[in-house]
Amino acid sequence: MSVIVRDDGFHAEDWAGPVVEIAADTAPDVLVAVAQSGALLRVGFANFGDGRGFTLARRLRAQGFAGRLRAAGPLVADQYAMARRSGFDEVEIPDAIAVRQPEPQWIARANWRENTYQQRLRG
Amino acid sequence: MAAYNLAGRRDNKYKARLKITVFEGGLEAFRDAVEAEFARTRAAFSGVDQALLAEIEAAFAPPALPLRDAGAYHAAWAADADFRAFATQNVVAHKVPGYGIVTVSLKAHGATPGDATAAQMRKLADLADAYSAGELRISHEQNVILPHVALADLPALHRALAAAGLGTANAGLISDIIACPGMDYCALATARSIPVAQELATHFKALGLEQEIGQIKIKISGCINACGHHHVGHIGILGLDRAGVENYQITLGGDATERAAIGEKTGPGFAYDEIVPAIERILRAYLALRQAPEETFIETFRRLGAAPFKAALYDEGARDAA
Ligand code: SF4
């Protein structure tokens, strides 16, 4: 089982619509087609050291995807802010991670809009 | 970042490096990916970054460097041989008259290249405040630079550095070696680097040949990742692992300046206990071959090529005698 993390903490799965799985090694060009879909896009992270999903998320948002975007995999709480900044709405973590890093550690990074140097440079 | 993030190797963390991505995929392909990413990213920037840049530039305004009486400098120069050695070897001219750029050598003979203690670092920070307009830089040569020192202050600075064990007058000489951490600290290493640097420094000091040999850049890496940039050292030493035994490959003629060149491999490598005598053979050949003491090692190499150095290096008779 897994836990959905949002800015206000842990949630159970609450999405009932279609889901499109996007693997970390998906070629960015392929994303153009899914960016128009109404499905939840679930970008897979094989491990926390593989950051390709962050770049894919940013590309999807740049291509106009406005639907629900989820990072799924064993990310760590420190990465929550970066996931949000890259365009993810939420992070789906395995139960084992949720036990090791309980809710307060994720909520501590819900302030992801603060201290973002890229945002400062973008204006 | 985004271009590399997508293209970099994920199957082997030792190969998760930008230079490997560029080597495998080609420079053109990677450059195109970066340009495409840049075009995409650029739209998100409104231009406020230019205002931030201007703010940063203002913070790096050059310091006021008033002309000072250099009497103390001349007096110390006349009276103190250690000071003369330091001022000759470790100070280069500043664009502002009456000032110098000081290299604080972290290459005391036999010490770990590039190491400083906490007390030495605090001392350096204080000295930068007192004598270098509050500025201090770390150089890729693994030394510390004090960029704005009035010559008038140089004797006092030299005394303070010497008292802190930081007065070694060897910038640019054979003991000023760049060495990567190697087997002593690095998980990727195939051979030791630091002890080779230490032995070279103490060996040539004991021979009394350091000044005689003059300007030379020896660089040492403990594996093919080349963090010590051995391939652009005048003499490069690359530590490899041959069936569980350290083996050191020598390159000659590398150059990291505007005359950039990759060093040439000389041939078979040397065991750990053979590497210092091997370097000595090369340098004795240089001393015999140079046209004048002013002709540096790299200039002699450029004039003659690798052949006479290789001959000296692999001369069996000389090897037995060494
Ligand atoms: S060159 Fe030296 S520091 Fe770099 S990876 Fe190899 S052993 Fe480590």
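This note comments on the predicted model in numbered points, from the ligand shell to the sheets and helices of chains A and B.

1. Conventions. The model is predicted, so that local features need pLDDT of at least 70 and side-chain atom pairs count only at pLDDT 80 or more, while totals for chains, interfaces and linings use all residues. Residues are numbered from 1 along each chain as its sequence is written, chains are lettered from A and ligands numbered from 1 in the order in which they are written, and side-chain values use heavy atoms, with hydrogens and water left out.

2. Ligand shell. The residues around the ligand (a heavy atom within 4 Å) are B:Cys180, B:Pro181, B:Gly182, B:Cys186, B:Leu188, B:Ala189, B:Ser221, B:Gly222, B:Cys223, B:Asn225, B:Ala226 and B:Cys227. By class, this shell has 8 nonpolar, 4 polar and no charged residues. Ala, Val, Leu, Ile, Met, Phe, Trp, Tyr, Cys and Pro count as nonpolar, Asp, Glu, Lys and Arg as charged, and the others, including Gly, as polar.

3. Loop between β6 and β7 of chain B. B:Ala226, which belongs to the ligand shell, is located in this loop and has a positive phi near 65° although its residue type is not glycine. B:Ala226 counts as buried at 9% relative accessibility. B:His229 is found in the loop between β6 and β7 of chain B; its phi is also positive, about 50°, in a non-glycine residue. B:His229 is partly exposed, with a relative accessible area of 43%. Buried means under 20% relative accessible area, exposed over 50%, and partly exposed in between (1.4 Å probe, protein chains only).

4. Sheet of chain A. Helices (H or I, at least four residues) and strands (E, at least two) are DSSP runs, numbered from the N terminus. Chain A has an open sheet of 6 strands in the order β2-β1-β6-β5-β4-β3, with mixed pairing; two strands pair if DSSP finds at least two bridges between them. Its edge strands are β2 (9-11) and β3 (19-22) of chain A. Neighbouring strands of this sheet are turned by 30° against each other on average, direction ignored. Within it, β5 (residues 69-72) and β6 (residues 90-94) of chain A run parallel and are joined by 3 bridges, and A:Ala71 stands opposite A:Val91.

5. Sheet of chain B. An open sheet of 4 strands in chain B has the order β1-β2-β4-β3 and antiparallel pairing, with β1 (91-93) and β3 (137-138) of chain B at the edges. Strands β2 (residues 99-104) and β4 (residues 144-150) of chain B are joined by 5 bridges, and B:Tyr99 stands opposite B:Ala150 in β4(B). Helix α8 (residues 154-163) of chain B packs on this sheet, touching β1, β2 and β4 of chain B. Contact means heavy atoms within 4.5 Å.

6. Helices α5 and α6 of chain B. Helix α5 (residues 71-79) and helix α6 (residues 81-90) of chain B pack at an angle of about 115°, with axes 6 Å apart. Axes are lines fitted to C-alpha atoms, for helices over the stretch in contact, and angles run from 0 to 180 degrees between N-to-C directions. By class, the contact of α5(B) with α6(B) has 8 nonpolar, 1 polar and 1 charged residues.

7. Helix α12 of chain B. In α12 (residues 297-304) of chain B, the residues B:Phe297, B:Ile298, B:Thr300 and B:Phe301 are buried. They lie on the same side of α12(B) because they cover an arc of only 160° around the axis, taken from the directions from the helix axis to the C-beta atoms. B:Gly305, with a positive phi near 80°, follows α12(B).
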